[in-house]
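Dear colleague,

I am handing over the structure we spoke about, and I would be glad if you could look through it alongside the notes below.

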Amino acid sequence: MESESLPEELAAAFLGIQRLVRRRLRRGLALPRLRGAEVELLRLVESRPGIGISDAAKELYLASNSVSTLVNQLVKDGYLLRETDPADRRAARLLLTEAAAQRLADWQRRRAELFAGHVARLDEADQDLLAAALPALRRLAVTLHEEVPE
C-alpha cells in the first residue's frame, strides 16, 4: 500500500468498523439509544469521576453549553448526578449513577464479545497482524487526542 493512501484507507476502515459495531450492539437493545456524545461524556465521567463541566468540554472538544445540555439530559434520564463542588459552590461535579455504570459495563461486555467472536474467525496470521498493529494504533489515538482544534 502506498503511504499516501494509508491515511484514507485507515480512516475508511475505522469508520466502517465503528458503524458496524454500533449497529450490531444496538440490535436487541431494549433501552432508548444514547447519542455518541452522550456515551462519550458518560465514559469520560466513568474514567474521571467528579470532573467538572468545563473540563469535560475541553476533554471532549465541545462547547461548555453543549456539555451542559448533555448533562441536563443525562441527569433527567437518570445516568448522571450533578453535585455542587465544595471548593467552588458555583461549579458542578459529575458522577455516574448506578444505572449508567451498569449500562456502560453491559455495552463494554457486549462489545468485547462481538470482537472476540469476529477475531476468532480470522486466521492466526491475521490475528498476529492485528496484535502487532495495536501499539501503533494506540500511538495514533494519542496523537489524535493531543491535536489542538482550530
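Predicted model: local features only at pLDDT ≥ 70, side-chain atom pairs only at ≥ 80, totals over all residues.

Residues are numbered from 1 along each chain as its sequence is written, and side-chain values use heavy atoms, with hydrogens and water left out.

The largest nonpolar core has 19 residues, a core being a set of buried Ala, Val, Leu, Ile, Met, Phe, Trp, Tyr and Cys residues joined through side-chain atoms within 4.5 Å, where buried means under 20% relative accessible area, exposed over 50% and partly exposed in between (1.4 Å probe, protein chains only). Two or more residues each come from α2 (36–47), α3 (53–60), α4 (64–76) and α5 (98–120), helices being DSSP runs of H or I with at least four residues, numbered from the N terminus. Leu74, among the residues with the most contacts inside this core, is in contact (heavy atoms within 4.5 Å) with Leu34, Glu38, Leu41, Leu42, Tyr79 and Leu80, leaving aside its neighbours within four places in sequence.

Arg43 is found in helix α2 and is partly exposed, with a relative accessible area of 35%. Leaving aside neighbours within four places in sequence, Arg43 is in contact with Leu104, Trp107, Gln108 and Arg111.

Lastly, Leu134 is found in helix α6 and is partly exposed at 37% relative accessible area.

Best regards
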